[in-house]
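Open the model in your viewer and keep the selection panel at hand. The tour has two stops.

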Amino acid sequence: MSSSPIWRAVTRNPVSFLTSAAPWRALGYLATSGLLGLLSLIVLGGVVVCGLLLSVAGIGLVVLAGSVLLGIPLAALERRRLRLLEGPHTDRPASPHRAVARPGLWPWLTTRLQESATWREFGFAMVFAVLLSVVDLALLTLAGSLVVLIVYPVEVAIVSGQLEALLLTGLGIAVLPVAAYVLGAAAAAQGWFVRLMLAPKEGGQTDRVVELTRSRARMADAFQAERRRIERDLHDGAQQRLVALVMTLGLAEMEFGGADPKAGRAGELISRARGEAKQALDELRDLVRGIHPQVLTDHGIAAAVSEVAVRCRVPVDVDVELAGRLPTQVEATAYFFISEALTNVVKHSGATSATVHGRLTRDGLSVTVTDNGAGGAELRAGGGLEGLADRVAVVDGRLVLSSPSGGPTALSLEIPCQHSHSVSS
């Protein structure tokens, strides 16, 4: 229950709790819980009674079994209603139910009735309808009585002039903070019970999440290995052929130099072809360095970023201080992020300077690329920044963009990680 925002507000800062929206959220949550619990009691009670009455006809057991499934929609609604209590930005528990393998009503019924989550939700529905609804309605009745205690003496004093009645109003106002704390604690306890009963349990949904995480890590490793294979092929294959082509064209250019006018025209074409080949070679070298430069492998992210900054057409101030080396995936992702961010600075920002700041915090790696350009950058569907966000998400990274119109623009990367051994250069 200590993880509930309402409970933290009550126990850690009681004064701020009274002046915040938390008491009103607790009151609204308990009020709707009482009404929903009363409705659930009527529906569940009606279905159970019908099942008992129809048992003589042989279908009562089917009806009673069907009543178990009524806990599923109630549980789904309760998981959503936690946001009413804890705020709209709070993550609600995921559904603990697994996907049904085959379409149709019968596969769905058999799957759901075999799940422990279904029976746990039915147990919650019974407790919610029989016990929690009564408690919630009782608390609401006390809250209503307190309102009457505050308001009614004021009316009496106004109508009859009996100012002594205002003492009861003062008493009600004095008790009001205590009532707010009680309602907040009761709402937090009920929210804790909802999460306890209706959130996925260890060994079920958690196992699938762990497997998905491991699968994503394996995909990231495979992607990294494939990138390095492509880098080797480009370096040892296409790049070497281009070097040979440039040298051959250079020899041809020397051979045709000083010949007749027709040969001079051919020499001009050979010279132009040699220039194009050299430009293609330079672009290929930049591409190979951008995939995974050797300096990143040998010396780490700080040295690799300094090399990128030297090649950048916009002056870049590098302030990257890391204690030791980071996991390979983290270093590669951070390098790619910085390279892409500086490329965007050159192409789109109109900036005259940029800064790369990187630190290893207690939670992981934090890198920010800032420029003094025109600003106005945003994460658009299908845009380059969205692709960059997808890339860093592979290592559980997160992008944060601040780019007001007129600048400056700050693009930050946060990756949870542990630093590894130091590598001497």
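At what angle do the axes of helix 3 and helix 8 cross? Select residues 22-53 for helix 3 and residues 166-198 for helix 8. The axes come within 9 Å and cross at roughly 60° (axes are lines fitted to C-alpha atoms over the stretch in contact, with angles from 0 to 180 degrees between N-to-C directions). Helices here are DSSP runs of H or I, at least four residues, and strands are runs of E, at least two, numbered from the N terminus.

This is a predicted model: local features need pLDDT of at least 70, side-chain atom pairs count only at pLDDT 80 or more, and totals for chains, interfaces and linings use all residues. Residues are numbered from 1 along each chain as its sequence is written, and side-chain values use heavy atoms, without hydrogens and water.

Next, show the side chains between the helices. Helix 3 contributes Pro 23, Ala 26, Leu 27, Tyr 29, Leu 30 and Ser 33. Among their partners in helix 8 are Ala 180, Leu 183, Gly 184 and Val 194. Contact means heavy atoms within 4.5 Å.

Now select Ser 403. Ser 403 sits in the loop between strand 4 (398-402) and strand 5 (409-416). Ser 403 is buried, at 13% relative accessible area (buried is under 20%, with a 1.4 Å probe and protein chains only). A polar atom of its side chain lies 2.9 Å from the backbone nitrogen of Ala 377.

Note on methods
Buried means under 20% relative accessible area, exposed over 50%, partly exposed in between (1.4 Å probe, protein chains only). A polar contact is a pair of N or O atoms within 3.5 Å; within protein, one must be able to donate a hydrogen and the other to accept it, and residues adjacent in sequence count only if both atoms are side-chain atoms.
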